[in-house]
Amino acid sequence: MNDPRVPQDPADDEYSATVLGSHWFSGPPPPADAAPDRVEGSVLRFGPGVTAAMAPPFPVVPAAPPGPRPPARHGGGWRRYTLAAVVLAAVLGYLAWQRFGPALEVREVAVSTDPRGPGCGAAADVVAVVRTDGRPGTLTYRWVRSDGTRSEELTERVPAGRKEATLHLLWTFQGTGSYPARAELQLISPVERTAAAEFTYRCPR
């Protein structure tokens, strides 16, 4: 039996390639023409046991040293932050102007319906048109009828850019005879205004 402490001759038939970590190499370095066929961390494979069929598809080329880092550009980050701050300030300013700026201005209120009135057992559609300056806001109003009834306070949200709000009252009549009716819109805010329409309900006996 061969002494394991005695190095073996590569020409010996019993010689085989050995896989060792690089920190285990204690003998002379491998021949210059014995290039590694695979790299797995710090483990290299050498020896005549490597055949052409086991050769890698491409040569192992050592990684090139990193090139010089491009010089840092000073001021670029500061400009980006400044632009973001300007955009944010503009958005906040616009929202504040929309909410706390001049209030919605009402320019005209008109109420209309078919003066002939509804037929027997039908409803009259009374329409109020509130014209504004196009700013966003909320209209608060109520309907008052000549039969002594009135609605609770109602609201209508007017979006920005819309200069007209249409409000409807459906007044249903039943029975025979005739009845002169009046429907009035009372605008409560943003300004107090009133407008009314009159019609006659007729149902022959």
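Arg142 is found in strand 6, where a strand is a DSSP run of E with at least two residues, numbered from the N terminus. The model described here is predicted, so local features need pLDDT of at least 70 and side-chain atom pairs count only at pLDDT 80 or more, while totals for chains, interfaces and linings use all residues. Residues are numbered from 1 along each chain as its sequence is written, and side-chain values use heavy atoms, with hydrogens and water left out.

At 18% relative accessibility, Arg142 counts as buried, because buried means under 20% relative accessible area, exposed means over 50%, and partly exposed lies in between (1.4 Å probe, protein chains only). The side chain of Arg142 makes a polar contact with the side chain of Glu153 at 3.5 Å; such a contact is a pair of N or O atoms within 3.5 Å, of which, within protein, one must be able to donate a hydrogen and the other to accept it, and residues adjacent in sequence count only if both atoms are side-chain atoms. Leaving aside neighbours within four places in sequence, the residues in contact with Arg142 (heavy atoms within 4.5 Å) include Arg150, Glu184 and Ile188.

Nine bridges join strand 5 (residues 123-132) to strand 8, and Ala123 stands opposite Thr172 in strand 8.

A disulfide, meaning a pair of cysteine sulfur atoms within 2.5 Å, joins Cys120 to Cys203, with an S to S distance of 2.0 Å. This pair links distant parts of the chain, 83 residues apart, with Cys120 in the loop between strand 4 and strand 5 and Cys203 in strand 10. The two cysteines are set out below.

| Residue | Relative accessibility | Class |
|---|---|---|
| Cys120 | 48% | partly exposed |
| Cys203 | 8% | buried |

Key:
Helix = DSSP H or I, 4+ residues; strand = E, 2+ residues; numbered from the N terminus. Pairing = 2+ DSSP bridges.
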